[in-house]
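Here is a short note for a colleague who is opening this entry for the first time. Please read the points with the structure in view.

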Amino acid sequence: MKIKSLLVCFLAVAALSLTSCKKENYAEKFVGTYNASVTPELTISIPAMETEEVIEGETLEGLTFTISQVGDSQDVNIVFPLPEVDAEDMDMTELGIELPQSIVLGGTCDETGLHINGLSLNQTLPIEDLGMSIAVNITIGNATIADPASMSWTQSVGGTLNITMAPIMEGMPEMTFDGTISGGIKFNATKQ
């Protein structure tokens with residue numbers, strides 16, 4: 001009888017421990033809307049044109065992005081809406097350039113934080129009015145954010161670009177210029 005009682009008690013404790021164990025949802029800690037500032041630190045170099053453009057220090061403020069959980073998994077989508085072109089700025093659609101409305105990065109959450117996946121962008125931008133096209137191949141690196149209360153991270157950026165220009169005069173070949181893009185983008189964000 002004692003063995004039977006002991007077995008029943010053991011099974012009751014085991015059942016209780018199994019039902020009370022709930023897998024922690026790490027993704028829900030990061031889910032929400034964030035207000036961010038973004039600071040690019042990029043270098044665009046085109047040796048054949050003897051040019052090197054450094055883009056740094058200009059922080060873009062007031063950008064909003066969202067993090068949403070993918071189903072019941074620990075995976076998330078991070079959606080960065082791209083700002084619309086200001087009426088005073090150059091109208092990209094007039095140049096034949098169609099930009100996406102947002103950039104979506106994937107990520108996975110665990111006990112150590114949010115691990116943002118890298119992203120590769122391959123795009124050819126035809127600029128018909130100027131008789132040229134720019135082929136861009138950019139890789140945005142991975143990043144990890146340990147704590148949703150301290151959303152600060154840097155993602156590396158690297159890639160190539162190829163500018164093709166139509167012949168200036170009839171009978172001349174088209175001109176091609178190769179370049180590189182390197183550096184990083186710093187993000188600082190607070191949950192709204």
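Is Ile168 buried or exposed?

1. Ile168 counts as exposed, because its relative accessibility is 63%, where exposed means over 50% relative accessible area, buried under 20% and partly exposed in between (1.4 Å probe, protein chains only). Ile168 sits in the loop between strand S10 (151-165) and strand S11 (175-191), and together with Met169 and Met172 it makes a nonpolar surface patch of about 330 Å². Such a patch is made of residues with over 30% relative accessible area and no salt bridge, nonpolar side chains (Val, Leu, Ile, Met, Phe, Trp, Tyr) being joined within 5 Å.

2. This is a predicted model, in which local features need pLDDT of at least 70 and side-chain atom pairs count only at pLDDT 80 or more, while totals for chains, interfaces and linings use all residues. Residues are numbered from 1 along each chain as its sequence is written, and side-chain values use heavy atoms, with hydrogens and water left out.

3. The protein has 1 helix and 11 strands, taken as DSSP runs (helices H or I, at least four residues; strands E, at least two) numbered from the N terminus. Of its 192 residues, 25% count as buried.

4. The structure holds 2 salt bridges, each a side-chain nitrogen of Lys or Arg within 4 Å of a carboxyl oxygen of Asp or Glu. One of them joins Glu41 and Lys186 (3.6 Å, N to O); because Glu41 lies in strand S1 (residues 32-46) and Lys186 in strand S11, the pair ties together parts that are 145 residues apart in sequence. The side chains of Glu24 and Lys29 also meet in a salt bridge (2.7 Å, N to O).

How values were computed
Patches are made of residues with over 30% relative accessible area and no salt bridge: like charges are joined within 9 Å, nonpolar side chains (Val, Leu, Ile, Met, Phe, Trp, Tyr) within 5 Å. Accessible areas come from the Shrake-Rupley method with a 1.4 Å probe; for residues, only the protein chains shown count as cover.
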